[in-house]
Amino acid sequence: MDIATGVGILAGIATICSLIIIDGGNFAAYYDKHAMIIIFGGATAATMVRFPFSVIAHGLPMGLRFAFTLRSVNPRELIEEITRVAEIARKSGPVALESVEVSDTFLAQGLRYIADGYDKDFIRDTMERDRDNFLQRLDEGSKVYRAIGDCAPAWGMVGTIIGMVSMFANMSDPSKLGPAMATALLATLYGALVANMITLPIADKLHIKLEEEEISRTLIIDGVLQMRDAKSATLVREMLLAYLPDHHRAEMAAA
């Protein structure tokens, strides 16, 4: 579980609540149903115009789930695990991979293909297709959250304009000036909070995890294909070290 996402959101909420408490603790003053309708209704409508409903329906829950739970793969540990498995495959043959346990499900899938005797082209095409489909779904989730983050502040400005129009239209009635001003200011606040505390950070987190998964899954595909060709564990390890930064290569070489 990626605790940084949850801790960051809770820290943002705690910061806002602390400021409200310092200013007197009147939380009710920061709630306005008109502003809520403008921000969430408007942002939802704009996002539905941008994307097909099917993309939104699976992009929102998938993005939220991966932002909180998708593990961060360490390429160095992955290389060491593939090297260990390659040594087993070289000494005991492909059939021995049926009983090998690995932590990564994508790597386990590749080992199953080798143990079942599938040819190299099938393994490459199937695993690359699985990788690309997974990355596409993750990218769609990132785009949906970024779209909400892009339009939420704009809808906050729309709410501000609506509130200002209502306020100026009722200058003769002081009782209506307060609610109109609240709508004007809180719509901007809600839009800024939704964008900068939730949706845009989640979109950036998903983009980073997409890049990590692309590197890790491509590394796994190359390692599996080398094992399919019965390459030595040393050769497999040396080839996969190309995925690491220079300083990590030097550390692993020294180890």
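User: Which helix is Arg 131 found in?

Analyst: Arg 131 is found in helix 6, residues 120-169. Helices here are DSSP runs (H or I, at least four residues), numbered from the N terminus. Bear in mind that this is a predicted model, where local features need pLDDT of at least 70 and side-chain atom pairs count only at pLDDT 80 or more, while totals for chains, interfaces and linings use all residues. Residues are numbered from 1 along each chain as its sequence is written, and side-chain values use heavy atoms, with hydrogens and water left out.

User: OK. Is Arg 131 buried or exposed?

Analyst: Arg 131 is buried, with a relative accessible area of 14%. Buried means under 20% relative accessible area, exposed over 50%, and partly exposed in between, with a 1.4 Å probe and protein chains only.

User: What does Arg 131 touch?

Analyst: Not counting residues up to four places away in sequence, Arg 131 touches Phe 106, Glu 214, Arg 217, Thr 218 and Ile 221. Contact means heavy atoms within 4.5 Å. Glu 214 is 83 residues from Arg 131 in sequence, yet their C-alpha atoms are 7.4 Å apart in space.

User: And Arg 217, where does that one lie?

Analyst: Arg 217 lies in helix 7. Arg 217 is buried too, with a relative accessible area of 15%. Leaving aside neighbours within four places in sequence, Arg 217 is in contact with Phe 106, Arg 131 and Phe 134.

User: Switching to helix packing: how do helix 5 and helix 7 cross?

Analyst: The axes of helix 5 (residues 105-115) and helix 7 (residues 177-228) come within 10 Å and cross at roughly 20°. Helix 5 and helix 7 are therefore roughly parallel. Angles under 35 degrees count as roughly parallel, over 145 as roughly antiparallel, 65 to 115 as roughly perpendicular and the rest as oblique. Axes are lines fitted to C-alpha atoms over the stretch in contact, and angles run from 0 to 180 degrees between N-to-C directions.

User: Which residues make that contact between helix 5 and helix 7?

Analyst: Helix 5 brings Phe 106, Leu 107, Gly 110, Leu 111 and Ile 114, and helix 7 brings Arg 217, Ile 220, Ile 221, Val 224, Met 227 and Arg 228.

User: What about helix 1 and helix 7, at what angle do they pack?

Analyst: Helix 1 (residues 3-22) packs on helix 7 at about 170°, with the axes 11 Å apart. That makes helix 1 roughly antiparallel to helix 7.

User: Last one: what follows helix 4?

Analyst: Gly 93 follows helix 4, and its phi is positive, near 90°.

Note on methods: Helices (H or I, at least four residues) and strands (E, at least two) are DSSP runs, numbered from the N terminus.
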